Amino acid sequence: MAEDIPREKPILLFDGVCNLCNGSIQFVIDHDPEGVFRFAPLQSDAGERLLDDVGFEDYDFDTFVLVDGDDYYTKSEAALRVARELEFPWSLAGALRIVPRPLRDVVYDTVASHRYAVFGKKAQCMIPSPEIRERFVEMSAERAEADD
């Protein structure tokens, strides 16, 4: 169970080796001055535990997953829920939720299926800078364990 992972803030799970995904996480960090979101790679132990805990079992690395409390959101729904919490003008993108989800997800799936070919991928998950390390679930959990 992921009960040891605090969920007072939404957690955005992402493909840690995808350059597009890493760039998207950096964008969220840069435009989320209030620190609304925390992060974890899908490939991490914390990511896997969170997905199992909310009952999302048939996942692959083709989607962002937004874990918000006991709920989770994927694909365009996750992206637009994140967007609406970002600083202006990026929060306006959340209004795209008026577009039916199946249409939004076709665009999302098309980008996701070509992301490695267009943007490339890393050999390993990103290592966050010291300034944002606390916003990454596993890193903050490791630090808490070290402090005990």
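Helices (H or I, at least four residues) and strands (E, at least two) are taken as DSSP runs and numbered from the N terminus. The structure is a predicted model, in which local features need pLDDT of at least 70 and side-chain atom pairs count only at pLDDT 80 or more, whereas totals for chains, interfaces and linings use all residues. Residues are numbered from 1 along each chain as its sequence is written, and side-chain values use heavy atoms, with hydrogens and water left out.

The protein chain contains 5 helices and 4 strands, arranged along the sequence in the pattern β-α-β-α-β-β-α-α-α. Of its 148 residues, 42% count as buried, where buried means under 20% relative accessible area, exposed over 50%, and partly exposed in between (1.4 Å probe, protein chains only). The accessible surface of the protein chain is about 8,300 Å², and carbon and sulfur atoms account for 55% of that surface. Accessible areas were computed by the Shrake-Rupley method with a 1.4 Å probe; for residues, only the protein chains shown count as cover. Among contacts (heavy atoms within 4.5 Å) in the protein chain with a separation of 6 or more, 67% are between residues 24 or more positions apart.

Helix α1 spans residues 19–30. Ile29 is placed in helix α1 and is buried, because its relative accessibility is 9%. Leaving out residues up to four places away in sequence, Ile29 touches Phe39, Ile132, Arg135 and Phe136. The C-alpha atoms of Ile29 and Phe39 are separated by 9.5 Å, the two residues being 10 residues apart along the chain. Gly23 is also found in helix α1, but Gly23 is partly exposed, with a relative accessible area of 40%. Ser44, in the loop between β2 (38–41) and α2 (45–54), is buried at a relative accessible area of 10%. Ser44 lies 28 residues from Gly16 along the chain, and their C-alpha atoms are 8.4 Å apart.

Helix α3 (75–83) is largely enclosed by the rest of the structure because 7 of its 9 residues are buried. The buried residues of α3 are Ser76, Glu77, Ala78, Leu80, Arg81, Val82 and Ala83. Their cover includes β1 (11–14), α1, β3 (65–68), β4 (71–74) and α4. Lys75, found in helix α3, counts as partly exposed because its relative accessibility is 25%.

Arg104 lies in helix α4 and is buried, with a relative accessible area of 11%. Apart from neighbours within four places in sequence, Arg104 is in contact with Ser76, Glu77, Leu80, Leu96, Arg97 and Val99. Ser76, Glu77 and Leu80 are among the buried residues of α3.

Two backbone features were noted. Most residues other than glycine have a negative phi, and most peptide bonds are trans. Phi of Lys75 is near 50°, a positive value in a residue other than glycine. A cis peptide bond joins Phe88 and Pro89, with omega of about 10°, and Pro89 is found in the loop between α3 and α4.

Open space was examined on a grid. Rolling a probe the size of a water molecule over the atoms shows where empty space is left. On a 1 Å grid over the protein atoms alone, a pocket is an open set of points where a 1.4 Å probe fits, with protein on both sides within 12 Å along at least five of seven lines, and lining residues have an atom within 4 Å of a point. Grid points are joined across faces, edges and corners, and a volume is the space filled by probe spheres set on the points. The largest pocket has a volume of about 650 Å³. Its lining consists of 25 residues, with Ser24, Phe64, Ala79, Leu80 and Tyr108 lying nearest the centre of the pocket. Helices α1, α3 and α4 (101–119) each supply at least two residues of this lining, and the largest share, 6 residues, comes from α4. By class, the lining has 19 nonpolar, 3 polar and 3 charged residues; Ala, Val, Leu, Ile, Met, Phe, Trp, Tyr, Cys and Pro count as nonpolar, Asp, Glu, Lys and Arg as charged, and the others, Gly among them, as polar.

Cys18 is buried, with a relative accessible area of 0%, and Cys21 counts as buried at 10% relative accessibility.
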